[in-house]
Amino acid sequence: MSNLLVTGGAGFIGGNFVHYWAQQHPDDTIVVLDCLTYAGNRSTIAGVEQAELVVGDIRDTDLVEKLLRERDIATLVHFAAESHVDRSITGPDAFIETNILGTNSLLKAARKVWLDEGSGRAHRFHHISTDEVYGSLGPSDPAFSETTQYQPNSPYSASKAASDHLVRAYHHTYGLDVTTTNCSNNYGPYHYPEKLIPLFILNALSGKPLPIYGDGMNVRDWLYVEDHCRGIEAALKNGKAGETYNIGGGEELPNMAVIDRICAEVDRAFVEVEGLAERYPDAPAAKGRATSELKTFVEDRKGHDRRYAIDETKARAELGYVPQHDFETGLRGTLRWYFDNEAWWRPLKDRG
Ligand code: NAD
């Protein structure tokens, strides 16, 4: 595969992908393009020798062209995005700028360098998207497949839907070699503490409320981030140009079940792991009480989609993708990671 350009590689999934790729492909060079928004963090990839961080914006088309040319890049994996639904509700503009205009900027640069200047040399533009583009499911609706109609409901999912359409259009119109994966809710190491699982873990440790939207019965599929990275690798190797693939974790759960599992795992960890009570004295579990006492119902998110579910038959059949973590083992590993990496999350949590 040789040289890769990874956009958003200082973020949660992109950062995990950089670690994963470096382990699996030690001879490859990884150029990370990331402008380090609040969600980007140098320290996420600081230890990866093969990765070089270029601090820059994906909307800077000249910079992207230069990187593709000068670093001899033939594979671009595009994670960079504004990714938090709640922030898109209070401020949609950044989502339009980065997710739509930013993706178009990358596609323009790829088209110029790979097709116009490079006489169609072998290349791949892989786009990371979300199951949220498909809208919301009722309790007994079939899971989202790659042919489900797009019905995005939030400014975030609408901006991702637009970017998916642009990627598809650059293939259809110009012949750019593209693939897209639409994945479900990721969790795992290096997850910014505004998202549900790290927020609840870290609030549980500091004795802060665990805020539950609405009735807590919104359903999501949960995907361990390393499995997602494996799916992206499979799409890069086996995916066909112009195709999209759904990547899920096979773990469809109501939020309340996720929250109860986190509470149970935190309680269990305080019994099993030595020294936690001293490190986190404000945690209810440090005083022998149940973490679940922190559960607090709050006003529901505006336009909150009720249920997402992923049908990943195509990825399994055509890419050979199989998730390797169930939710219980993935969550346990994630919890352990937060215990072992306080130096990573503490500054993010403290700045709020
Ligand atoms: P994240 O918010 O943790 O990271 C995004 C990264 O992109 C950050 O490092 C940020 O600095 C960078 N970035 C933002 N704007 C940029 C710009 N204009 N130029 C350069 N870099 C920029 O996001 P994530 O959770 O890692 O998500 C990665 C991708 O996966 C996104 O495209 C997202 O839509 C998609 N996705 C995420 C999930 C999930 O559960 N986290 C689920 C489905 C799809």
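These questions and answers walk through a predicted model. Residues are numbered from 1 along each chain as its sequence is written. In this predicted model, local features need pLDDT of at least 70 and side-chain atom pairs count only at pLDDT 80 or more, while totals for chains, interfaces and linings use all residues.

Reader: Which helix gives the most to the shell around the ligand?
Author: Helices (H or I, at least four residues) and strands (E, at least two) are DSSP runs, numbered from the N terminus. Elements that each supply at least two residues of the shell include α1 (12-24), β2 (29-34) and α5 (93-117). The most, three residues, come from α1.

Reader: How many residues surround the ligand?
Author: A residue is near a molecule if its C-beta atom, placed from the backbone, lies within 6 Å of it. The closest are G8, G11, A39, G40 and A81. The total is 30 residues.

Reader: Which residues have the most contacts inside the largest nonpolar core?
Author: A nonpolar core is a set of buried Ala, Val, Leu, Ile, Met, Phe, Trp, Tyr and Cys residues joined through C-beta atoms within 7 Å. A residue is buried if 20 or more other C-beta atoms lie within 10 Å of its own, exposed if 12 or fewer, and partly exposed in between, with C-beta atoms placed from the backbone. The largest core has 74 residues, and its largest share, seven residues, comes from helix α9 (residues 255-272). The residues with the most contacts are V32, A204 and I262.

Reader: Is helix α8 mostly covered or mostly uncovered?
Author: Helix α8 (residues 225-238) reaches 20 Å from its first C-alpha to its last. That is close to the 20 Å expected at 1.5 Å a residue, where the expected span is 1.5 Å times one less than the number of residues. Its buried residues include E226, D227, R230 and I232. With eleven of its 14 residues buried, α8 is mostly covered.

Reader: Why does N41 count as buried?
Author: N41 lies in the loop between β2 and α2 (42-45). N41 and F12 are 29 residues apart in sequence, but 8.8 Å apart in space, C-alpha to C-alpha. N41 counts as buried because its C-beta neighbours inside 10 Å number 21.
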